[in-house]
Amino acid sequence: MTDRNRIRPCHGWPGLFCCLLITVLTTKLAACPFCPGASVPLTEKLTHAHTACLVRWVEGDTGTIEKPGHTVFKVLKVIKQSQSTQYEKGSLITVNHYHFSKPGGPFLLTGTHGPKPLWENPTAITPASYAYVMQAPSLQRPTTERLQYFLKFLEHQDMIIANDAFAEFANAPFEDIVPLTPQLPREKLHHWLSSKSTPAPRLGLYGLMLGLCGNEDDIDFMEDKINVQAQGLRSGIGGLMSGYLMLTGSEGLDHLERSKFQQKNTSPNELFAAREAVSFMWTYGKGRYQIPPERLRQSMRMLLNRPELADLVIADLARWQDWTVMDRLVSLYDAEGYDYKGIRQAIIRYLLVASRYSDPSNGGPDATTAARARKYLTLIRDRDPQLVKRAERFY
């Protein structure tokens with residue numbers, strides 16, 4: 001028999017997200033779920049800084065093992081400072097690390113505390129991007145109102161501005177983007193999603209946006225991109241799939257199942273993106289693009305056929321209170337291809353949730369379901385006592 005404690009190669013990457021997704025996706029997402037590595041926007045840096053100056057690079061020393069490097073900047077303009085600092089135009093600021101630049105290179109330098117601020121890494125700035133950030137609405141304004149300003153700067157020719165405008169959207173809750181639907185640039189989004197020059201991390205956001213503002217003419221375009229049977233990671237494809245489902249509803253979910261879930265040659269990367277899209281619709285699928293909850297559960301259950309995603313899928317089904325798969329999950333505990341620690345832990349957590357009797361009218365397990373789950377837990381505890389004990393401890 002396969003060693004029950006052996007961890008499957010390459011299975012850890014979805015397992016790593018399993019517990020995180022249970023927590024994160026049950027609450028309001030604080031940022032775009034399809035925007036990897038969003039940076040801190042310039043307005044946020046300025047708001048949180050006690051001292052902020054527009055500076056130019058004077059000189060720098062890379063340092064040695066014995067002596068740390070440093071960089072000297074000259075103040076061009078003081079944007080803000082605390083009462084304990086006395087910087088003015090022409091003041092020299094020495095930062096205790098080396099930052100390469102050509103002489104005269106302009107930067108935005110921000111720091112916290114004083115009178116000797118803890119300086120953050122300087123941010124390259126241009127005249128256009130400086131004017132852009134100084135005119136930007138403050139963080140005290142409603143997010144949707146702020147995003148109206150940044151919307152017109154997406155894919156701006158100044159890279160600093162384009163990156164920062166994207167960061168503002170990437171860090172915004174999806175609910176605050178939805179009210180902008182009538183203002184979203186549909187034709188530009190279509191072009192950005194088609195252009196090879198669009199940075200890959202932005203594609204997920206633009207796919208979501210096209211789902212909000214698109215029409216019937218965009219469906220074929222999105223289907224063509226989804227139908228590609230790629231083996232490698234396609235950045236943003238989960239966002240495009242989510243946007244497609246917002247446009248097409250249950251009919252689009254039928255297509256996603258045929259093109260991804262039911263194809264044996266669909267890569268784990270593509271399945272993971274499709275699963276993200278179905279999960280996104282569970283969290284945000286309301287209003288005109290709503291898909292019935294049971295239809296989404298049905299779609300997610302199909303992914304139990306893929307062991308490489310099983311732990312994530314089981315977590316989703318527990319979160320969605322789908323108790324119809326309990327017998328099947330228990331049968332998978334020893335099944336070939338599923339007999340791995342990560343999947344077994346997910347099954348145990350599912351049973352722990354199901355064993356807690358709650359209000360069935362609110363989707364919780366009824367008394368019969370809870371009793372059956374406790375019976376299964378007893379059987380599993382007899383053979384894997386430590387695994388069950390650990391799951392109970394963290395549950």
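I began with helix α13 (residues 310-319), where Arg 319 and Asp 316 both lie, three residues apart, about one turn of the helix; I take helices (H or I, at least four residues) and strands (E, at least two) as DSSP runs, numbered from the N terminus. An α-helix has 3.6 residues a turn, so residues three or four places apart point the same way. The side chains of Arg 319 and Asp 316 meet in a salt bridge, 2.7 Å from N to O, the term standing for a side-chain nitrogen of Lys or Arg within 4 Å of a carboxyl oxygen of Asp or Glu.

Before going further I noted that this is a predicted model, in which local features need pLDDT of at least 70 and side-chain atom pairs count only at pLDDT 80 or more, while totals for chains, interfaces and linings use all residues. Residues are numbered from 1 along each chain as its sequence is written, and side-chain values use heavy atoms, with hydrogens and water left out.

The side chains of Asp 327 and Arg 372 meet in a salt bridge of 3.3 Å, N to O, with Asp 327 in helix α14 (residues 326-332) and Arg 372 in helix α16 (residues 367-383), 45 residues apart. Asp 327 counts as partly exposed at 41% relative accessibility, and Arg 372 is partly exposed too, at 28%. I also recorded that salt bridges with shared partners join Glu 294, Arg 297, Arg 301 and Asp 322 into one network.

For Arg 141 I found a salt bridge with Glu 145, whose closest N and O atoms are 2.8 Å apart; Arg 141 is partly exposed at 40%, as is Glu 145 at 34%. My search of the whole structure gave 18 salt bridges.

Next I turned to helix α4 (residues 143-151), in which Thr 144, Arg 146, Leu 147, Tyr 149, Phe 150 and Leu 151 are buried. What do the buried residues of α4 pack against? I found α2 (42-48), α3 (127-135), α5 (159-170) and α6 (174-177), with contact meaning heavy atoms within 4.5 Å.

Tyr 98 was my entry for a loop, the one between β3 (92-95) and β4 (106-112). Tyr 98 counts as partly exposed, at 32% relative accessibility, and, leaving aside residues up to four places away in sequence, touches Gly 60, Asp 61, Thr 62, Gly 69, His 70 and Thr 71. Between Tyr 98 and Thr 62 there are 36 residues of sequence separation and 5.3 Å in space, C-alpha to C-alpha.

On the surface I noted that Glu 216, Asp 217, Asp 220 and Asp 224 gather in a patch of negative charge; such patches take residues with over 30% relative accessible area and no salt bridge, like charges being joined within 9 Å. Asp 220 lies in helix α9 (residues 216-226) and is exposed, with a relative accessible area of 54%.

Technical notes:
Patches are made of residues with over 30% relative accessible area and no salt bridge: like charges are joined within 9 Å, nonpolar side chains (Val, Leu, Ile, Met, Phe, Trp, Tyr) within 5 Å. Accessible areas come from the Shrake-Rupley method with a 1.4 Å probe; for residues, only the protein chains shown count as cover. Lys and Arg count as positive and Asp and Glu as negative; His and the chain ends are not counted. The place of a charge is taken as NZ of Lys, CZ of Arg, CG of Asp or CD of Glu. Buried means under 20% relative accessible area, exposed over 50%, partly exposed in between (1.4 Å probe, protein chains only).
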